[in-house]
Amino acid sequence: MQRSLVALRTLCLDFKAEENMIMPDENNIELAAYGNNHEVTNHDTEQPSNGFWDHITLETEEPMMSPIQQNPDEVQKMAISDHEEKIIIQTQTHYEDPETPFPEFENNKAISYPNNGAASYPNSGADSNPNNEETNHETQPNKRRKRKSTVWEHFTIQTESAGCRRAYCNQCKRSYAYSKGSKVSGTSHLRRHVEKGSCAALLRSQDNNQSEPSSSKGATNSSKRRYKRASSTPQFVFHQDHCCNDIARMIIMHDYPLHMVEHPGFVSFVQNLQPEFNFNMMTFDAVQGDCIVAYQTERQSLRKFIQQGVAGRICLSLDMWTSSQGVGYVFVTGQFIDADWKLHRRLLNVVMEAYPDSDTALSHAVKVCLHNWSLESKLFSVTYNDQPLIMSEAVFESLKLHLPSNGQLLANNCLARTLSSIAKEVLGNSHDIVKKIRDSIKYVTTSEPHEEKFLVLKKQLQVPSERNIFLDDQTKWNTTYQMLVSANELKQVFSCFDTYDAEFNKQAPSMEDWKLVETLCTHLKSIFDTAYILATTTNPTASIFFPEVRRIQEELSKLITSEDPFVSNLARTMLEKINTYWKNCSLTLAIAVVMDPRYKMKYVEFTFKKIYSEEEAQTCIKMVDDRIHELFEEYSTMSLPLAPNYAEEFDVYIMKNLKTELDQYLAEPPIRVHEFDVLAWWKLNQMMYPTLSQMARDMLSFPVSTVPCDSVFDTNAKEMDQYRSSLQAETVEALICTKDWMQYGSH
C-alpha cells in the first residue's frame, strides 16, 4: 500500500508539472476502487469531471493485515476487508509554494484510514455484501488544512449561494470570486489587490501603522507576516514642504499671481486633492519667500555654469521695459559661447530704474550686473536699444582696462528694434491705405455669408494664390505685412466682390490703392526677411547679419531712384534708419563676418566696394583690417605665459616676422558651402588656430538683438503689467529671471 501511495504522489506531481492544472477543489475526495457491483461507496461525494482523473489508476498489490501508522503524532488506521478497498485522500485546491505542489503528503498527514471499516478490500473476487447495500460507517471527520497564504489576513470568505463563495476585503469590502461549484479561482487576484495598491483603505492603514511604531512585541511579530507592497508601487507620502516648493515653481513658470494661494477656489481645489495640506503655512509672504529660494537655487547653478563653462568673454544686451507707474525695468541678458562651442543666452538681471529716461539708466544697470555676477574682467560688448548708452568717465575707465580694442567695440545698437522702428514708420505713413485694406478684410471675415461668397468667387476666378485673408495684430508688424501680402494676391477677388455684395462697393479699395499696397509689400519684404531670421533662428551668430544689412541697403538704394515719389520717399525714410545702424555697428559686424570661414576679409572688400566710392571703400577696408590685427595681437598677448621682459620682446619680434595664425587663416580661400555651422567649424579647427579661435569665440557671440525671438516684431516697447509693478523689485527680478533659467533645466 505504501508503494501505491508513492506512485500516486509521483503521478500527481508529473501531472501538475506537465499540464499545469489545478487540483480538484473538494476538501475531501474519495478515490474508490469499485467492487463487483461497480457502485460508488459514498454517494455524497461526486467525482469531478476533469482531466485529472484520466491520469490516476488505483491498484492493490496485496492486502495489509495491520494498521499503518506513519506518524506517531497523528493516528491513522485502516480497516481491512476481503472484498473492498477504499482510500480517502484529503486535498487542498491551491498551493502557495510552487516548490511543493502537494504539501498535504508531507508526513502522510493527508491520508486518513478510518477504524470502522470505511475502506474494505475485495478478496479473490468474493462478495462479502451480497445484497449490494451500502455500508454506513462512522468515519473520523476530515480536517481542512490551515490556509498559509497571507492574503487571508486581509480577506474573509463568505458563501453567497449554493456552491458559490466569494472573498471579501476586510478593509474596502470589495468582493472577488473564490469558488463556484468545483472551480476555485485561487489567490493570485487577491494578492494583486493587496500588493499593487488597489485597496486605498489598506494603503492608508499601512501608512498609519508605519507612522505609529508598535510598542508590543506581539505587534512587531505580526507585522512580519504583513504583505510588503511591490517595489514598483509608488509610496504616497505627503510632504508639505515639497508641495510648497512645487507651487512656487508653478507660479513662476506660468506667471500666476502670488495671491492665488489665498484664492478660495484654489484652496478648495488643493484641499480636495490633499486634505492634509496646511494652508496656514501657505500665505502670500510664504509663497513669495519660496519663489526667492527657487531664484537663489537657480542663480547658484547658473553662476557655477558661467564660471566653469564660459571659456571666453560675455556680451550683454539691454532692453528697457516701461510701466504704468513711470518706473523702468532694464532686462540685462548675457550671451556667450561655452567651451563646447555652444551659443547660450541667459537673462542675468532685471534692474528697476526709477528714472528710465535719464542718461545713466542703462549704464547703472550694466554696473549692477557686472558686480552681481563678477564679470568686470569678462565683458566684451553691450548691445542696447535706441536710447544712448552713456557711462560716467570713472565707470568707462574701469571697464576700459579689461575691454578689448580700448572699448571701441563696446556699444552697439539693436537690429530688431531698428527694423521694427522702420516698419512702424512706414506703416504709419501709409495709415489710410492700410486701414482701407483692414476694413475690407474685416467686412468679409466677420460675416460667415460674406466669407462663403468670397471663397466661391475665388474659386470661380481661379485665383492661384493659396493664401487666406485674415486680420492683423496691430502690435506685431509682421502680421500687418502678411495681411497686406495676402490681400494683394487676392485683389482680383476683392475687385469683383461688389458684384455679389453692393454694400462692399462703398469701402472697396481702388486700383490705385492696390498699387500702393504692392509698393508697401515690396518695401517691407526687404526688412521682413532679416527680421524673420532673428525670430526663427535660435541664438544666431553675428556673422550672418553683415550680408543681411548690406542687402537691405542695396535694395533701398535702388528704390530711391524710382520716379514714383511715394516709392522714393518711402525708401529714403527707411534707408536713413538703416544707415544710422550701419554707421554704429558696421565695424563689429565686419569683424564678425571675417571670423566666418565662408566670408573672411574678401567679403568685406567686396561689400565696401559696392556701396562706397573707391576712396571710401579703401579707407573702410583698411580700418577693418587694422582693427582685426590689433585685436589679434591683444589676444596673443593674453595667451602668452608670464616671462621676463627680454622674453616678451623676443615673442613680439617673432610675431612680427613670422606668419601668424590670422595671416594663415586669411590666406586660405573662403569655404563655399550652402549649409554651414560656423561654431562647429571653429570647434574642429581650434587646435590649428588656438589664439584666433579665442578671438572668434568672443566676436561670434556678439548679440545683434536685445529682445527674445517672440518680441522681434513688436512695434511698441514692452510694458510691465500692473500686478508685477506693485511687487518689490527683488520679487519681480526673482520671478522673471527664474522663469528664464527654468526653461533650460539643469545648467
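What does the pLDDT of the protein chain average, and what percentage of the residues score at least 70? The average is 77, and 70% of the residues reach a score of at least 70; pLDDT is the predictor's confidence in each residue, from 0 to 100.

## Basis of the model

This is a predicted model, in which local features need pLDDT of at least 70 and side-chain atom pairs count only at pLDDT 80 or more, while totals for chains, interfaces and linings use all residues. Residues are numbered from 1 along each chain as its sequence is written, and side-chain values use heavy atoms, with hydrogens and water left out.

Residues 15-50 form one of them, with 71 contacts beyond four places in sequence in the model. Residues 211-231 form another, with 27 such contacts beyond four places in sequence. Contact means heavy atoms within 4.5 Å.

## Overall architecture

The protein chain has 25 helices and 13 strands. Helices (H or I, at least four residues) and strands (E, at least two) are DSSP runs, numbered from the N terminus. Among contacts with a separation of 6 or more in the protein chain, 71% are between residues 24 or more positions apart.

Of the 747 residues in the protein chain, 44% are buried. Buried means under 20% relative accessible area, exposed over 50%, and partly exposed in between (1.4 Å probe, protein chains only). The protein chain exposes about 40400 Å², of which carbon and sulfur atoms supply 50%. Accessible areas come from the Shrake-Rupley method with a 1.4 Å probe, and for residues only the protein chains shown count as cover.

## Aromatic pairs

The structure holds 33 aromatic pairs. Rings of Phe, Tyr and Trp (its six-membered ring) pair if their centres lie within 6.5 Å; planes under 30 degrees apart count as stacked, over 60 as edge-to-face and the rest as tilted. The pair of Phe-454 and Phe-497 is tilted, because the ring centres are 6.0 Å apart and the planes stand at 55 degrees. Phe-454 belongs to helix H12 (residues 448-461) and Phe-497 to the loop between helix H14 (491-496) and helix H15 (511-536), so this pair ties together parts that are 43 residues apart in sequence. Phe-454 and Phe-497 are both buried.

The rings of Phe-608 and Tyr-612 also form a tilted pair, because their centres are 5.5 Å apart and their planes are at 50 degrees. Phe-608 is buried at 3% relative accessible area, whereas Tyr-612 is partly exposed at 25% relative accessibility.

## Charges over rings

A charge sits over a ring if NZ of Lys or CZ of Arg is within 6 Å of the ring centre and within 35 degrees of the ring normal. The charged end of Arg-299 sits over the ring of Trp-373, 4.8 Å from the ring centre.

Ser-323 lies in strand S8 (residues 314-323) and is buried, with a relative accessible area of 10%. The side chain of Ser-323 reaches the backbone oxygen of Val-327 at 2.6 Å. Beyond neighbours within four places in sequence, Ser-323 is in contact with Tyr-329, Glu-719, Met-720 and Ser-725.

Leu-490 occupies the loop between helix H13 (477-489) and H14 and counts as buried at 1% relative accessibility. The C-alpha atoms of Leu-490 and Val-463 are separated by 7.2 Å, with the two residues 27 residues apart along the chain. Apart from neighbours within four places in sequence, Leu-490 is in contact with residues including Phe-454, Lys-458 and Val-463.

Leu-692, in helix H23 (residues 690-700), is buried with a relative accessible area of 0%. The C-alpha atoms of Leu-692 and Met-595 are 8.8 Å apart, although 97 residues separate them along the chain. Not counting residues up to four places away in sequence, Leu-692 touches Met-595, Phe-632, Glu-661, Leu-662, Tyr-665 and Trp-682.

Phe-702 is in the loop between H23 and strand S13 (719-720) and is buried at 0% relative accessibility. The C-alpha atoms of Phe-702 and Ser-543, 159 residues apart along the chain, are separated by 9.0 Å. Among the residues that Phe-702 touches, not counting those up to four places away in sequence, are Cys-315, Gln-335, Asn-412 and Thr-588.

Note on methods: A polar contact is a pair of N or O atoms within 3.5 Å; within protein, one must be able to donate a hydrogen and the other to accept it, and residues adjacent in sequence count only if both atoms are side-chain atoms.
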